[in-house]
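Please open the model in your viewer and keep the selection panel at hand.

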Amino acid sequence: MNYASTRNSALKVTSAHAIVKGLSDEGGLYVPESIPALSKEEILGLCEKSYVDRAYTVFSKFLTDFTPEELRHCVESAYNSKNFDTDNIAEITKLSESRYILELWHGPTCAFKDMALQILPYLLTTSAKKEVSGKQIAILVATSGDTGKAALEGFKDVEGTSISVFYPEDGVSPMQKRQMTTQEGKNVNVCAVKGNFDDCQNGVKAIFTDKDIENTLAERNILLSSANSINWGRLAPQIIYYVSTYTQLVKDKEIEYGEKVNIVVPTGNFGNILAAYYARLMGIPVNKLICASNSNNVLTDFINTGIYDRNRQFYTTISPSMDILISSNLERLLYHLTGENDKLINEWFGKLKESGRYEVNEDVKKQLSELFYAGCCNDEETKSEIHKTFEGEHYLLDTHTAVAVKVYDDYKRKTGDTTKTIIVSTANPYKFGRAVYDAVGGKSPCEDEFELISHLEAETGTKMPAPLAATKNKAIRFTGCAEKQEMGKVVLDFLKA
């Protein structure tokens, strides 16, 4: 299995190369040259397997330059009881006869990013030994809240690596900020940016394509890589939990093999729902991929019209991990839908860079409407959904999962579709305690995050997860804040280059 670039389909590299590099030299994203299939026999066989075995099977189809021993080491080191509070790794909670909540937040940072970022350090260090043995790897991360902490936790004190994380100064929840700024580890650095997530993401991409920075680091034997979902090593692990969930539902006799399911994903950067699309291409029976957005509804508009336009008001919402107007992983989807037409991809994303807008052709619009449904909701609707679900089903949603539930309910009312549906839950509600407490009707003037959380626990009869509680007594290590144009200097200063 080789990998091409979305902006250069003639390029052919190994998965190890794609994982180490993160981003192709011309700015494209690495994609597999073909999508491997899972046969009926393989899918049925996975029903009786553990999450580790399911992960091994999927990775063995995409990472063909890894030995079986290397893959086993990666999956067993990542998906275990040391890192996750459940043997199932991903838990499924049945809300009603046709709705299943896929809980992807049982890892060390209580967000779905752990599902990929607990294994990425093993994938990256294994790849580095194959591709750039002896070099130091400097990881760069732009985060809207969850990726940063998950990446920091995954890479802290990993030999041969360092990690720099950038987050929008006023664009993450208090708990997300506390998780990052108290991060332990000798090889980590965290810096706020005066701007929004798109500014952080564009700044990181600019560092990757800055030849002066590349040459400066090369003199010190340092190579840049990414832990964002632009890196195939971040995206590939996300395919696994869709494969695993389908096979688990078959095992539990909730569905029969071959029965189609809908998948609802709250998303801003499009990576999480793209992984569901890849699972569909591999043979997992999917009826509709439902893309849920908050008030930053650029993806909703794009899927419904075929026009991508980031020239709009940016909203800071109570679901900050989705506060994004430039959805990087959409480029991978469009590469596949155009039949791997790198010329079109270069044209469209050139327009996005120049004017902030592009429009896809009629064929792609037709495919989008067949594959996807898209909807959005605002903060008040999000809070209303948290309240309604807790009152009616005694299940506490976070502010992102609530967006997904609301959009799914809208979809079901509009279409009458009763297909059994997997709703992806991306974070534990205690990561967004203030908004969740407000949503369930809590009234407290307290400013202290942990005092408020104690009220939320009393109000709902639930408990804050231990990894979040542990941040209460940790010292704040990182207080820096930079202009977006200073991000390259921050990296160089940290690396003492």
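**Before selecting**

The model is a predicted one. Its salt bridges number 31 in total, and the tour visits several, including the pair formed by lysine 211 and glutamate 214.

**Stop 1: helix α10**

Select residues 211-218, which make up helix α10. Display the side chains of lysine 211 and glutamate 214, which are joined by a salt bridge with an N to O distance of 3.2 Å. These two residues are three positions apart in the helix, so about one helical turn separates them. Lysine 211 is partly exposed, at a relative accessible area of 49%. Glutamate 214 also falls in the partly exposed class, with a value of 36%.

**Stop 2: helix α22**

Next, select residues 487-495, the span of helix α22. Here lysine 489 is paired with aspartate 493 in a salt bridge, and their closest N and O atoms lie 2.8 Å apart. The spacing in this helix is four residues, and about one helical turn therefore lies between lysine 489 and aspartate 493. Are the two partners buried or exposed? Lysine 489 is exposed, with a relative accessible area of 54%, which means that it passes the 50% cut-off. Aspartate 493, at 45% relative accessibility, is classed as partly exposed.

**Stop 3: lysine 156 and glutamate 153**

Move to lysine 156 and show glutamate 153 with it; the two form a salt bridge whose closest N and O atoms are 3.1 Å apart. Lysine 156 is partly exposed, and its relative accessible area is 29%.

**Stop 4: a network**

Select Arg99, Glu385, Lys388, Glu393 and Asp409 together. Salt bridges link these residues in a network.

**Stop 5: threonine 143**

Finally, select threonine 143, located in the loop between β6 (136-142) and α7 (146-155). Which backbone atoms does the side chain of threonine 143 reach? One is the backbone nitrogen of threonine 147, at 3.4 Å. Another is the backbone nitrogen of glycine 148, at 2.8 Å. Threonine 143 is buried, with a relative accessible area of 0%.

How values were computed:
Residues are numbered from 1 along each chain as its sequence is written. This is a predicted model: local features need pLDDT of at least 70, side-chain atom pairs count only at pLDDT 80 or more; totals for chains, interfaces and linings use all residues. Side-chain values use heavy atoms; hydrogens and water are left out. A salt bridge is a side-chain nitrogen of Lys or Arg within 4 Å of a carboxyl oxygen of Asp or Glu. Buried means under 20% relative accessible area, exposed over 50%, partly exposed in between (1.4 Å probe, protein chains only). A polar contact is a pair of N or O atoms within 3.5 Å; within protein, one must be able to donate a hydrogen and the other to accept it, and residues adjacent in sequence count only if both atoms are side-chain atoms.
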